[in-house]
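The stops below go from one side-chain contact to another, then out to the whole chain.

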Amino acid sequence: MRPVWLTPPGQAPGAGADNLLLARHPHVSRDGSHLSVVVGPGNGGSAWRYSIRSGAQPVRLTFVKPGGVHYPIWRPAGDALTYLAIGERFGLFTSVADGASNTRSSVVPRSDAVPEDWTPDGATLIYQSVSAMTGVDLLLHDQRTGEDRPWLQTQFDEAEARLSPDGRWVAYVSNQTGR
């Protein structure tokens with residue numbers, strides 16, 4: 001896989017990243033300057049930071065063994081990534097995106113949680129989780145209190161949530177219509 005940044009008319013203004021082994025879960029920072037992507041086998045990939053604007057050397061951001069990292073998303077300030085770690089500890093974690101430190105902090109200690117997006121102020125994480133009763137649901141994690149609460153929990157599946165830049169609207173995928 002070779003990610004390439006395209007402008008709205010569909011032109012590639014610069015080179016993308018070359019030769020990414022089993023790359024997946026790309027996520028662009030809010031300011032459009034960086035791309036995070038998981039590189040490596042599905043049972044042990046690491047999150048990497050690629051500079052979109054400068055073309056600087058890629059930086060490995062996570063070192064989780066075994067199981068690796070899945071679904072990294074940028075914090076609003078672009079200084080850290082939140083991701084699902086499957087390894088010695090399962091759950092959602094946040095790591096500083098400088099490539100120098102290998103420390104991570106726990107956000108949501110659930111193995112079925114997938115980070116979707118942060119509110120613009122970085123206070124609330126929206127994530128998906130699976131329930132035996134309601135299927136895939138969207139929940140909110142309050143960073144200040146550490147509390148989780150359902151946001152969209154129906155008989156249908158809700159997933160892939162993205163907030164508008166101002167945080168007022170949420171787009172998500174659902175199977176409610178059957179299409």
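**Stops on the tour**

Select Arg75 and Trp118: the charged end of Arg75 sits over the ring of Trp118, 3.9 Å from its centre. A charge sits over a ring if NZ of Lys or CZ of Arg is within 6 Å of the ring centre and within 35 degrees of the ring normal.

This is a predicted model, in which local features need pLDDT of at least 70 and side-chain atom pairs count only at pLDDT 80 or more, while totals for chains, interfaces and linings use all residues. Residues are numbered from 1 along each chain as its sequence is written, and side-chain values use heavy atoms, with hydrogens and water left out.

Next, select Trp151 and Tyr172. A search of the whole structure finds 1 aromatic pair (Phe, Tyr or Trp rings, the six-membered one for Trp, with centres within 6.5 Å; planes under 30 degrees apart are stacked, over 60 edge-to-face, the rest tilted). The ring centres of Trp151 and Tyr172 are 6.3 Å apart and the planes stand at 90°, so the pair is edge-to-face. Trp151 lies in strand β12 (residues 148–152) and Tyr172 in strand β14 (residues 170–174), 21 residues apart. Trp151 is partly exposed, at 36% relative accessible area, and Tyr172 is partly exposed, also at 36%.

Now colour by secondary structure: the chain has 0 helices and 14 strands (DSSP runs numbered from the N terminus: H or I of at least four residues, E of at least two).

Finally, colour by burial. Of the 179 residues, 44% count as buried (under 20% relative accessible area; exposed is over 50%, partly exposed in between; 1.4 Å probe, protein chains only).
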